[in-house]
Each structure stands twice: as structure tokens, then as C-alpha cells.
Amino acid sequence: MVPLSWYLLLAAALFAIGLYAVMARRNLIGMLMGLELMLNAINLNLIAFWRYLSPATVRFRVLAIIVLVVAAGEAAVGLALIVAVFRLRETENVDELNLLRW
Amino acid sequence: MSQYALIGVYLIIALIFGVAPPLLAWFLSPKKPNPYKGEVYESGIKTFGPTWIRFKPQYYLFALAFLVFDVEAALLLPWAVAYLWLPLYAVIEAVIFILILVFGLVYVWRRGWLTWM
Amino acid sequence: MEQEIFQLSYLQAIVPELLLLVVGLLLLGVDLVLPEARKRELSVWAAAGFAIVALASPLAYLGEPQFVFGGMIGSEPLNAIFAFIFAMAAFLVALLSRDDERLEPSGVYYALIAFAVIGMDLMVAATDFIMLYLALELTGLSLYLLSAYDRRSRFSVEAGMKYFFYGSVASAVMLYGITFIAGLTGQTLYLGVRYLFASAVMPAWFGMGVLVLILAGVGFKVAMVPLHTWAPDVYEGAPTPVTAFLSVTSKAAGVMALMRLLVWIWGSLPSHAEMTSLIAALAIVTITLGNLFALRQKSFKRLLAYSSITQAGYVLVGVTALSPMGLTAVGFYLAIYAVTNIAAFTVLVLVSNRSGSDWLRDFVGLQQRSPALALALLVALLSLGGVPPFAGFVGKILLFAAALKSGFVWLVGAALANVLISLYYYLNAVRMAYTRAEEPVEPLSIPVASRWVLVIATAGIILGTILAYPLYHLLERAAMVWF
């Protein structure tokens with residue numbers, strides 16, 4: 001059987017890739033995809049822990065479903081904001097969203 | 001093992017059924033090419049404008065509404081699976097949850113966001 | 001640890017949240033059927049709803065501290081007190097939104113406020129990591145949409161966008177930390193995790209590592225350095241009443257969630273001295289950074305944004321104490337800070353209704369245009385600056401005393417130095433308001449709703465001092481439950 005640590009490493013790698021996408025991408029949709037990737041990595045982590053360490057616990061599966069649903073909610077809010085930005089500015093490029101500066 | 005063999009046989013037959021008719025048609029049909037036949041067909045009207053256009057933002061609004069309602073169903077799945085063993089309060093909770101979703105649907109509908117403009 | 005998942009009596013513990021849900025859905029429904037001309041009435045409906053919730057919030061305490069719903073949340077006096085504070089803040093902001101001429105609040109706007117308050121109530125009450133995450137997300141999602149509410153304003157939409165990306169990443173990092181806690185301990189209940197930490201089943205480095213991940217989510221809400229970068233931009237871009245709301249409430253909810261995590265779980269780690277020094281260091285950096293940036297702002301809205309980062313830093317000084325005294329002081333200060341900041345933002349809304357911008361120089365001659373408004377600004381800013389006899393002074397004394405008692409002398413010294421620095425920009429704004437304008441000015445009348453907001457908020461600032469002792473006593477008794 002594949003050891004638990006492999007799953008954890010995979011999840012960590014996916015999480016890092018997602019984080020990198022959010023920070024380095026200049027396209028709003030691309031950033032949103034990175035965010036979703038992070039949440040999927042988290043779910044993978046969770047399910048791996050559940051399967052290997054405490055298969056009898058229901059809590060983990062419930063949490064996994066909740067994460068799925070919250071991710072969908074986040075995607076919906078994010079897309080709605082992107083549509084609003086696009087209608088106003090005709091752009092999806094973050095570098096052009098520079099009105100607010102410190 | 002024999003069950004896998006059955007699936008294999010099934011796959012092969014399915015493939016033959018799918019691939020044979022076009023192949024037969026290609027072999028048997030007469031070929032008289034002319035330039036009009038080579039044109040892109042789109043509901044009988046000539047294509048105009050570039051095909052690589054952006055979708056209207058409204059397309060995304062439909063997608064959003066669909067996405068939300070679709071994924072909320074994920075919460076109902078475990079509830080439905082365990083339905084027979086559930087205490088009464090769990091059933092009532094889920095009904096309230098569904099009612100809130102219905103309210104959301106009615107809201108979107110009454111707002112007129114479901115009509116394509 | 002076994003706990004009933006459901007009993008009918010548990011519903012009483014979430015009465016404020018249930019009422020808020022009903023208020024939110026009703027507002028959405030009324031918004032559908034109300035003709036366009038009567039949309040302004042919605043603010044009165046919303047304010048009435050929030051007032052009812054505030055009055056009903058004491059019900060959330062079941063008479064003795066206990067866990068409800070399978071340990072997901074607790075029923076404690078402190079939760080009821082904060083449910084009251086949040087509902088009052090929503091009430092004041094609903095009235096204030098009515099008078100902001102650049103904002104056209106609809107039913108969705110007030111419903112989002114109601115849903116955000118549900119999230120914040122649950123953030124304070126959460127005693128389980130799953131509930132903490134859900135509450136954090138509910139608060140966040142509502143607030144992202146609220147900051148982008150003015151869809152015709154580029155600033156507002158951009159603020160919502162930034163808030164969304166920063167916030168979602170922060171909560172994802174926190175969730176990643178939660179999966180490690182849940183995975184390796186098999187527990188999501190605070191008390192279960194605490195037991196495993198305290199009995200040293202889990203090594204200390206693991207506890208500290210996970211704490212850093214979880215701090216990302218909660219620290220984001222508090223706008224604690226280094227997670228503060230979103231705050232000035234969002235505060236400036238969002239509609240002013242929304243800024244008033246989120247700078248007050250989501251911060252308070254974040255601080256309370258953080259304090260509970262630290263007291264209940266990480267305080268039980270055998271080596272929690274390092275952890276408190278970490279929080280202390282973050283606190284002092286937060287205070288100083290907010291101050292230094294606030295000093296050079298020309299926009300009053302942005303000044304208040306940086307000042308609210310600083311204020312959160314003062315609260316963190318109380319958090320480091322990790323004692324009943326610290327918790328009492330934190331609760332006291334957050335309540336006072338809520339009314340004070342809302343008062344300051346109300347003045348800003350009324351002034352910028354006329355001038356159309358948020359610049360500090362618009363305040364010149366305010367005393368001639370409306371003496372009452374100038375006086376309200378004076379009281380609010382002096383209270384934020386910690387000048388006696390206003391409530392902000394009492395709050396700061398309590399926070400610093402708690403930190404001193406826990407032995408953080410250097411921290412209190414540095415914080416005191418910062419209080420002096422912050423006086424410069426608070427007094428500068430007051431000086432502007434009391435400077436005579438060179439050209440003749442037109443008088444500024446205060447609309448009815450805002451008048452009420454100002455009266456209630458200013459009364460809160462002054463009563464906070466007069467009634468300091470009974471308030472402190474009440475909070476102290478509530479705080480003892482945690483220890």
C-alpha cells in the first residue's frame with residue numbers, strides 16, 4: 001500500500017502550486033483556479049488522514065464535504081466579483097487594478 | 001477474472017458498433033466534392049465574425065447559480081443515504097436547509113436573473 | 001467528552017443567530033415585493049430587526065456555561081455579550097447606511113450584514129475547529145460582497161476583489177493547519193485537542209507549527225502584521241458604512257476567536273512562553289506600523305484605516321496576558337472601540353456627503369458648519385487616542401495593566417510610547433475641525449438617523465467611563481468561565 005507520507009507530500013505540493021498560482025498569476029480567473037487547487041489539496045490531505053489514521057471517524061468525511069461546499073461558495077463569490085470588475089474595467093489583469101495604493 | 005473478460009468482450013462489441021457504420025458509409029458512398037460542401041455549417045447561416053469571442057458575462061451568472069445549487073446537493077447526499085436511521089430533528093433540519101435553497105431559487109427567479117437578455 | 005448532538009433546549013443558545021437568519025431572509029423577501037420608491041424604508045426595517053436581535057441576545061446564555069450541539073459551540077455569558085455588541089454595531093451601521101448619499105442600500109445589503117453577524121457570533125462561540133472555519137468563511141464571504149457593494153465605483157469593486165483573494169488564501173492556509181490537527185489528533189473539539197497537547201502526546205514543535213498556520217486565518221481578520229496589507233486598501237475602497245462595520249466587528253470576532261484558541265489550547269502547551277512572546281512581538285509591530293503610516297495620511301478614511309490597525313495592536317497587548325484580567329480588558333476595549341469607531345465614521349460620512357471626498361482638509365471649518373458634529377468628532381478621536389476622561393482611556397489602562405501583571409513591561413512601555421505618537425494625528429484631525437475656514441461656509445445639517453447614531457455612540461463613549469466599574473465587573477465574571 002502507498003504510505004501516508006506520499007499523500008501528504010502530494011497534498012503539500014498541490015497546496016504550494018495553488019498558492020504560487022494565486023500569488024504569481026496576473027489573471028483573475030487564473031488566481032481563482034489557484035485558490036480552488038489549494039482547497040482541493042486540503043481535501044486530499046484530510047481524506048488521506050482519515051483513511052490511514054482514523055477510518056472510523058465520521059467527522060473527517062463531514063469536514064471534507066463541507067470544504068467542497070465552501071469551495072463552491074468561494075468560487076461563486078469570486079466569479080461574481082470578477083464579473084463586476086470586468087464590467088467596470090474591461091480587464092482581468094490584476095496589474096491594472098491599481099487604484100488603491102498605500 | 002471471467003467477469004473482466006466479459007467486460008472486455010462487451011467493450012470490443014461496443015467499439016465495432018460505434019466504428020463500423022461510419023467506416024461502411026465512407027467505403028460505400030459516392031464522392032462528388034464541391035466548394036460549398038466544404039464550408040463551415042452553422043444552422044444553415046453563413047458564419048460571421050470571429051469564432052474566438054468572449055462570452056457575455058451573463059453566461060457566468062447562470063454558471064454561478066447552477067454551481068451553487070449543484071454543490072449544495074453534496075450536503076444532502078449523506079443525509080439521503082442515512083435517511084432511514086436519522087432522528088426526527090435531522091430530517092427537520094434538512095427540510096429547513098432545502099427551504100432556504102428554494103428561497104434562493106425563488107429570489108433569483110423573481111429578480112429576473114434567469115431570463116436570457 | 002460525549003455530548004448530545006441535539007436537544008430542543010440547545011436552540012435557545014443560538015437564538016440571536018436564528019433571529020438574524022430570519023431577519024436576513026425577510027429583508028431579501030421584502031426587497032423583492034417593495035416598489036423602487038419605497039426602498040429607503042428598508043433601513044428602518046433592518047435597524048428594527050437588529051435592535052430586536054440585540055435585545056434577545058442575553059437569551060443565548062443558558063444560565064450556566066455548557067457546550068451545545070455536540071460541543072460545536074459553547075453557551076457562555078461572553079458569547080451573549082458579544083452577540084449584543086455585534087447586533088448593536090449592525091443596528092448603528094444600518095441607520096448610518098441610510099444617510100450615506102453615495103450608497104443605495106437594498107435588501108441584499110442589509111441581509112449580507114445580518115449573515116456576517118451570524119458568522120461573527122459563531123466565531124466567538126465556536127469551540128470546534130470545523131465550526132471556527134465555517135464561521136470564518138461565512139463572515140468573510142458576506143464581507144467581501146459588502147465591500148464590493150457599490151458596483152459603479154471602481155474603488156469599491158477593487159476593494160472587494162483584494163479582500164476576497166487575501167481573505168480566501170488566509171482561510172485556506174488556516175484550514176490546511178486544521179487538517180493537520182484533525183488528522184494527527186483525531187479530534188476537532190478544542191477541549192479534545194487541548195487534552196492531547198497538555199499531556200504532551202503531541203510534541204511542542206507540532207503545536208507551534210500548526211499555530212502559525214491557524215494564526216494566518218484568524219490574524220487576517222484581526223489585521224495583525226504581517227497580515228495587515230489588505231486592510232488600508234479595503235477600508236479605503238469599501239463604502240464608508242461598510243468600512244465602519246468591518247473595522248469594528250470582524251476585528252472583534254477575530255480577536256475573541258484568537259484569544260479562545262490561545263487560552264484553551266495553546267496556553268496548555270508546556271512551553272507556551274515562546275508563543276506569548278511571538279504574539280507580543282506581533283502586537284508591538286502592528287501598533288508601530290499602523291501609527292507610522294497613519295501619521296502621513298491626507299485622507300481621513302485612510303487615517304482611520306491605519307488607526308484601526310493600531311487599535312487592534314493594543315487589543316493584542318491584552319491578549320498576550322492570557323489571564324482572566326487580560327480577557328476582561330480585551331472585551332471591555334472591543335466594546336468601547338466599536339462605538340468610538342462608528343462615531344468617527346459617522347462624522348466622516350456626513351462630511352463627505354457634502355464634499356464628495358474623504359480628504360482631511362474637508363474638515364476645516366467643521367466647527368462653524370455644525371458644532372455638534374465637531375464635538376462628536378472630538379469625543380471620538382480623543383477616546384481613540386486614549387485621552388481621559390473618555391472610555392478609550394479606561395480601556396487602554398485596563399489592557400496595559402493586564403499585560404503588566406503578566407510581566408510584559410517592555411511591551412507596555414513601547415505601547416505607551418505609541419499612544420503618544422498616535423495623539424499627534426488624532427489631535428491634528430481635531431485641530432482641522434476647529435480651524436476657522438477662510439471662505440464662508442454653508443451649515444451642515446445632520447439627518448435624523450445619523451443623529452441617533454451619534455447620540456448612541458457618544459453616550460457609549462461617555463458611559464463607558466462612568467459605568468466602567470459595573471461593566472468591568474460584568475465582563476470579569478463572564479471571563480472567569482474560560483479559566
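pLDDT is the predictor's confidence in each residue, on a scale from 0 to 100. Chain C averages a pLDDT of 91, and 100% of its residues score at least 70. For the complex, the predictor gives an ipTM of 0.93 and a pTM of 0.89.

Some ground rules. This is a predicted model, where local features need pLDDT of at least 70, side-chain atom pairs count only at pLDDT 80 or more, and totals for chains, interfaces and linings use all residues. Residues are numbered from 1 along each chain as its sequence is written, while chains are lettered from A and ligands numbered from 1 in the order in which they are written.

Chain C, then. Its secondary structure comes to 19 helices and two strands. Helices (H or I, at least four residues) and strands (E, at least two) are DSSP runs, numbered from the N terminus. The C-alpha trace of chain C spans about 75 × 55 × 40 Å along its principal axes.

How much of chain C is buried? The figure is 64% of 483 residues. Buried means that 20 or more other C-beta atoms, placed from the backbone, lie within 10 Å of the residue's own.

Next, the core. A nonpolar core joins buried Ala, Val, Leu, Ile, Met, Phe, Trp, Tyr and Cys residues through C-beta atoms within 7 Å. The largest one has 236 residues, and C:A87, C:A89, C:I113, C:Y333, C:I342 and C:L377 touch the most other members. Helix α13 of chain C (residues 324-355) gives this core its largest share, 21 residues.

Take C:L377. Leaving aside neighbours within four places in sequence, C:L377 is in contact with C:A344, C:V347, C:L366, C:V430 and C:A433. Contact means C-beta atoms, placed from the backbone, within 7 Å.

Now chain B. Chain B has three helices and zero strands. Along the sequence, the pattern reads α-α-α. Buried residues make up 1% of its 117 residues.

On to the interfaces. Where chain A meets chain C, the contact takes 33 residues from chain A and 32 residues from chain C. Which element of chain A gives the most to this side? That is α3(A), with 15 residues. The chain A side divides into 25 nonpolar, five polar and three charged residues. Here Ala, Val, Leu, Ile, Met, Phe, Trp, Tyr, Cys and Pro count as nonpolar, Asp, Glu, Lys and Arg as charged, and the others, Gly among them, as polar.

Last, chain A with chain B. That contact takes 12 residues from chain A and 11 residues from chain B. The chain A side here has 10 nonpolar residues, one polar and one charged.

Terms used
Buried ≥ 20, exposed ≤ 12 C-beta atoms within 10 Å, placed from the backbone. Contact = placed C-beta atoms within 7 Å.
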